[in-house]
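Here is a walk through a protein model, one element at a time. Keep the structure open while you read.

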There are 2 protein chains.
Amino acid sequence: MGLAKSEMFTDQQNEIALFAKVFGHPARVSILQYLFKINACVCGDLVNEIGLAQPTISQHLKELRHLGLIKGNVEGTSVCYCIHAENWTKMKETMLAFLNQDVAENENCC
Amino acid sequence: MGLAKSEMFTDQQNEIALFAKVFGHPARVSILQYLFKINACVCGDLVNEIGLAQPTISQHLKELRHLGLIKGNVEGTSVCYCIHAENWTKMKETMLAFLNQDVAENENCC
DNA sequence: TTCTTTAATCGTAACATTGCGATTAATTAA
DNA sequence: TTAATTAATCGCAATGTTACGATTAAAGAA
């Protein structure tokens with residue numbers, strides 16, 4: 001059906017999946033890396049930087065914004081985007097808890 | 001078009017997106033967490049544990065296996081799955097490098 | 001061999017994602 | 001006001017994902 005049965009999983013599992021999903025496209029990874037690199041509000045030149053059409057970039061930015069990972073400020077006719085530091089840290093904690101799981105040394109594996 | 005234009009991104013960006021994508025569904029998050037919790041090969045009871053139909057679980061396991069994050073050993077009529085520790089560590093390094101990016105203190109944000 | 005058990009694969013329906021041309025909305029400049 | 005600029009939204013086509021019933025494949029048990 002293409003529909004994730006989110007009721008059958010924990011909130012934490014659904015949250016991890018939501019964050020991971022937004023990182024699941026190289027354009028969004030690229031946008032985030034660029035915002036980190038510039039370390040300032042980026043006003044407008046994302047379309048030239050990434051190499052996708054303007055409506056496509058706008059859509060990717062929307063997803064990042066809705067998850068709270070970036071924030072956009074209207075500045076004249078352009079909109080300036082930057083990383084939402086606080087929310088990024090929160091997201092990081094959730095993802096790290098998942099990724100830092102480790103297999104114990106006693107490999108009781110077949 | 002629904003097709004990610006992977007040629008226009010770096011190998012690293014595409015790799016991050018691929019890993020993230022596989023974590024982008026709560027069933028796969030759940031499977032991985034269960035394998036970590038059990039810390040042993042799990043032979044068969046994943047279907048009962050997760051709560052999705054057998055072909056669905058099998059499909060999710062396939063994706064995890066193809067990315068190298070788990071390995072499956074045939075044991076009689078059942079197949080035993082466990083975390084591929086070495087590949088998990090490699091994946092973790094890639095993802096941590098991305099997640100650990102941080103905004104510097106001087107907020108030159110609008 | 002036949003029956004049982006277990007997991008993979010097939011096929012398909014329902015739904016989601018991606019990309020972009022065209023349009024709209026909002027702001028500034030002339 | 002009108003024109004120019006910029007980003008969001010609309011609409012749609014192409015593609016991808018998810019779920020599962022039905023079937024198949026492979027191994028062990030009777």
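The paragraphs below go from the sheets to the helices and then to the contact of the chains.

This is a predicted model. Start with the sheet of chain A. Three strands form an open sheet there, in the order S1-S3-S2, and the pairing is antiparallel. Strand S1 (42-43) and strand S2 (70-75) of chain A stand at the edges. Each has a single partner strand, so one side of each is left without a neighbour in the sheet. Now look at how S1(A) is held to its partner. S1(A) pairs with strand S3 (residues 78-83) of chain A over two bridges, in the antiparallel sense. Cys43(A) stands opposite Cys80(A), which is in S3(A).

A helix covers part of this sheet. Helix H4 (residues 54-66) of chain A lies across S2 and S3 of chain A. H4(A) runs at about 120° to S2(A).

Turn to chain B. Its sheet is open too, with three strands in the order S1-S3-S2 and antiparallel pairing. Strand S1 (42-43) and strand S2 (70-75) of chain B are at the edges. Each of these two has a single partner strand, so one side of each is left without a neighbour in the sheet. S1(B) pairs with S3(B) over two bridges, in the antiparallel sense. Val42(B) has Tyr81(B) in S3(B) as its bridge partner.

On to the other pairing in chain B. S2(B) and strand S3 (residues 78-83) of chain B pair over six bridges, again in the antiparallel sense. Ile70(B) has Ile83(B) in S3(B) as its bridge partner. Lys71(B) stands opposite Cys82(B) in S3(B). In a regular strand the side chains alternate between the two faces of the sheet. Follow S2(B) into S3(B) and you reach a hairpin with two residues between the strands. Gly76(B) in this hairpin takes a positive phi near 70°. Helix H4 (residues 54-66) of chain B lies across S2 and S3 of chain B, at about 120° to S2(B).

Next, pick out one side chain in chain B. Where is Trp88(B)? Trp88(B) sits in helix H5 (residues 85-99) of chain B. Glu63(B) is 25 residues from Trp88(B) along the chain, and the C-alpha atoms of the two are separated by 14 Å.

Back to chain A, for helix H2. H2(A) has 13 residues, which at 1.5 Å a residue should span 18 Å. Its end C-alpha atoms are 18 Å apart, so the two values agree. Several residues of H2(A) are buried, among them Pro26(A), Val29(A), Leu32(A) and Leu35(A). An α-helix has 3.6 residues a turn, so residues three or four places apart point the same way. Asn39(A) follows H2(A) and has a positive phi, near 55°.

Now see how H1(A) meets H5(A). The two helices pack at an angle of about 110°, with their axes 10 Å apart. H1(A) and H5(A) are therefore roughly perpendicular to each other. H1(A) contributes Glu15(A), Ile16(A) and Phe19(A) to the contact, and H5(A) contributes Met91(A), Thr94(A), Met95(A) and Phe98(A). By class, these residues are five nonpolar, one polar and one charged.

Last comes the interface. How many residues of chain A are in contact with chain B? There are 37, and they are in contact with 37 residues of chain B. On the side of chain A that touches chain B, the elements giving two or more residues are helix H1 (11-22), helix H2 (26-38), S2, S3 and helix H5 (85-99). H1(A) gives the most, with six residues. By class, this side of chain A has 23 nonpolar, 11 polar and three charged residues.

H5(A) and H5(B) pack at an angle of about 170°, with their axes 11 Å apart. They are therefore roughly antiparallel to each other. Lys92(A), Met95(A), Leu96(A) and Leu99(A) of H5(A) meet Lys92(B), Met95(B), Leu96(B) and Leu99(B) of H5(B). The residues of this contact divide into six nonpolar, no polar and two charged. Met95(A) also takes part in the contact of H5(A) with H1(A).

Note on methods: Residues are numbered from 1 along each chain as its sequence is written. Chains are lettered from A and ligands numbered from 1 in the order in which they are written. This is a predicted model: local features need pLDDT of at least 70, side-chain atom pairs count only at pLDDT 80 or more; totals for chains, interfaces and linings use all residues. Two strands pair if DSSP finds at least two bridges between them. Helices (H or I, at least four residues) and strands (E, at least two) are DSSP runs, numbered from the N terminus. Two residues are in contact if their C-beta atoms, placed from the backbone, lie within 7 Å. Axes are lines fitted to C-alpha atoms, for helices over the stretch in contact, and angles run from 0 to 180 degrees between N-to-C directions. Ala, Val, Leu, Ile, Met, Phe, Trp, Tyr, Cys and Pro count as nonpolar, Asp, Glu, Lys and Arg as charged, and the others, Gly among them, as polar. The expected span of a helix is 1.5 Å times one less than its number of residues. A residue is buried if 20 or more other C-beta atoms lie within 10 Å of its own, exposed if 12 or fewer, and partly exposed in between; C-beta atoms are placed from the backbone. Angles under 35 degrees count as roughly parallel, over 145 as roughly antiparallel, 65 to 115 as roughly perpendicular and the rest as oblique.
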